[in-house]
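Trainee: Hi! Could you walk me through this protein model?
Mentor: Happy to, let's open it up together.

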Amino acid sequence: MDLTPSAEDLAFRQEVRTFIRDNLPADIAETARRSFHIAPDDMRCWQRILYEKGWAAPSWPKEYGGTGWTALQRYIFDEEYCMADGPLPLMMGHGVPMVGPLIYTFGTEEQKSRYLPRILRGDDYWCQGFSEPGSGSDLASLRTRASADGDHYVINGQKIWTSLAHHSNMIFCLVRTDTTGKPQQGISMLVFPIDTPGITIRPIISIDRGHSLNETFFENVRVPRSSLIGEEGKGWTYAKFLLGHERFAIAEIARSKRRLQRLREMARQARAGAQTLADDPVFTDKLAAVEIELMALEQMGLKIAWEMDQRIDNPLSASILKIRGTQIIQAVTELSIEAMGYSGLAYESRQDGSQHSPSAPEISQGKMEEFLFLRAATIYGGTTETQQNIIAKMIHAN
């Protein structure tokens with residue numbers, strides 16, 4: 001296995017770098033640098049720029065409007081994108097990374113033609129209805145019920161941690177359509193507009209004072225049977241398919257590299273007595289330890305990208321990347337707050353919904369918001385403990 005970039009890879013990297021430099025609006029990049037929660041209009045603007053270029057869905061096959069890039073090319077794109085302070089793709093909702101692949105893999109032709117072009121253009125914001133109170137990592141215990149009623153399903157129940165539901169117009173939702181047999185066998189996947197009568201969205205303000213999370217209630221919500229993705233009772237299979245995609249992306253290797261780069265800049269500006277923090281051996285030891293861990297994870301990510309291009313299946317990869325990636329995310333953001341010192345403690349909301357530490361240097365703005373929100377990184381998308389159990393079971397089975 002040779003991970004040395006080829007001439008084609010280097011040319012592709014330069015193409016990506018040039019395009020992002022020339023087309024990512026400076027105000028959007030600045031907002032993304034300063035704020036974890038990005039406004040929908042900014043995200044739609046950037047999504048349409050990518051759409052016009054043909055780069056709206058880096059991981060999709062060409063026949064569905066994607067780029068058809070290799071896994072290594074997607075890795076290169078992600079790295080250049082993050083180094084240019086591109087906004088978090090999650091802030092565009094779950095359309096491109098999650099429900100799009102679900103629809104083109106398991107959906108009907110009518111569902112593909114209806115939804116995929118709108119996802120690519122950024123016309124639709126999608127949120128995910130998976131977790132419930134008491135059914136987070138253990139999704140098989142979910143209780144939201146969809147009862148058949150003629151040509152419709154009638155949905156009753158509750159979802160929680162519904163990211164960006166208040167900005168979304170569509171939802172893909174796991175529901176229980178059968179209560180007999182094993183819990184996993186009675187789950188189905190439905191997609192439908194989130195303004196369907198009977199749906200109530202209530203905000204959850206996270207510890208960073210931002211609003212991206214919600215709880216969502218369903219009371220006699222009627223959706224047509226055409227909302228069903230794939231086969232009834234196969235929702236558990238489809239959910240595992242999606243979560244594999246999510247956990248790979250959640251590792252955020254390229255974004256952690258950018259965070260680490262900014263942290264070094266912060267350390268060079270921060271004072272620790274008569275010297276800068278970058279000259280403090282205790283702090284630089286901590287920084288070096290995280291950087292070594294990140295370099296190791298990056299090599300693993302490149303290896304997995306190579307395996308994907310070679311059609312080599314590595315079922316452990318998503319869980320391993322999720323565990324180590326989110327642990328490193330938290331380590332880097334913790335060190336960023338340490339570098340801010342007391343100036344990070346003054347923390348207030350701005351009119352645009354972002355958070356501000358007025359006494360902190362300009363380069364430090366947004367770091368407290370990011371740190372607080374990402375305390376959940378080792379929980380969302382499958383907790384670290386759940387991923388460890390998945391790995392243990394796979395190893396034991398082999």
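**A strand on the inside**

Mentor: Let's start with strand β5 (residues 187-193), where six of the seven residues are buried, so the rest of the structure largely encloses β5. Keep in mind as we go that this is a predicted model.

Trainee: Which strand does β5 pair with, and in what sense?
Mentor: Strand β4 (residues 170-176) is paired with β5 over seven bridges, in the antiparallel sense. To find your way along the pair, look for Arg176, which stands opposite Ile187 in β5.

Trainee: How many bridges join β2 to β3?
Mentor: Five bridges join strand β2 (residues 145-149) to strand β3 (residues 152-160), and the two run antiparallel. Take Ala146 as an example: its bridge partner in β3 is Ile155.

Trainee: And which residue takes a positive phi in that hairpin?
Mentor: Gly150 does, with a phi near 65°, and the hairpin has two residues between β2 and β3.

Trainee: Okay, new topic. What does UniProt list for residues 127-221?
Mentor: An unreviewed UniProt entry lists them as "domain: Acyl-CoA oxidase/dehydrogenase middle". In the model, that span is 0% helix and 48% strand, and its end C-alpha atoms lie 17 Å apart.

Trainee: What about residues 7-123?
Mentor: The UniProt annotation there, also from an unreviewed entry, is "domain: Acyl-CoA dehydrogenase/oxidase N-terminal". Residues 7-123 are 67% helix and 0% strand, with end C-alpha atoms 37 Å apart.

Trainee: Can we zoom in on single residues? Where is His94 found?
Mentor: His94 is in the loop between α4 (71-83) and α5 (95-106).

Trainee: Is His94 buried or exposed, and why?
Mentor: His94 counts as buried because its relative accessibility is 6%, and the cut-off for buried is under 20%. Leaving aside neighbours within four places in sequence, His94 is in contact with Val99, Trp126, Cys127, Gln128, Ser163 and Phe172.

Trainee: Where is the place of Gln330?
Mentor: Gln330 sits in helix α10 (residues 317-340). Gln330 has 10% relative accessibility, so this residue counts as buried too. Beyond its neighbours within four places in sequence, Gln330 is in contact with Leu374, Arg375, Ala376, Ala377 and Thr378.

Trainee: How many residues apart in sequence are Leu243 and Met98?
Mentor: They are 145 residues apart in sequence, while in space the C-alpha to C-alpha distance is 8.2 Å. Leu243 is found in helix α7 (residues 235-250), and at 12% relative accessibility Leu243 counts as buried. With neighbours within four places in sequence left aside, Leu243 is in contact with Phe130 and Leu139.

Methods: Residues numbered from 1 in each chain as written. Predicted model: local features only at pLDDT ≥ 70, side-chain atom pairs only at ≥ 80, totals over all residues. Heavy atoms only, no water. Pairing = 2+ DSSP bridges. Helix = DSSP H or I, 4+ residues; strand = E, 2+ residues; numbered from the N terminus. UniProt positions renumbered as here; feature names shortened; annotations may be inferred. Buried < 20%, exposed > 50% of the residue type's maximum accessible area, 1.4 Å probe, protein only. Contact = heavy atoms within 4.5 Å.
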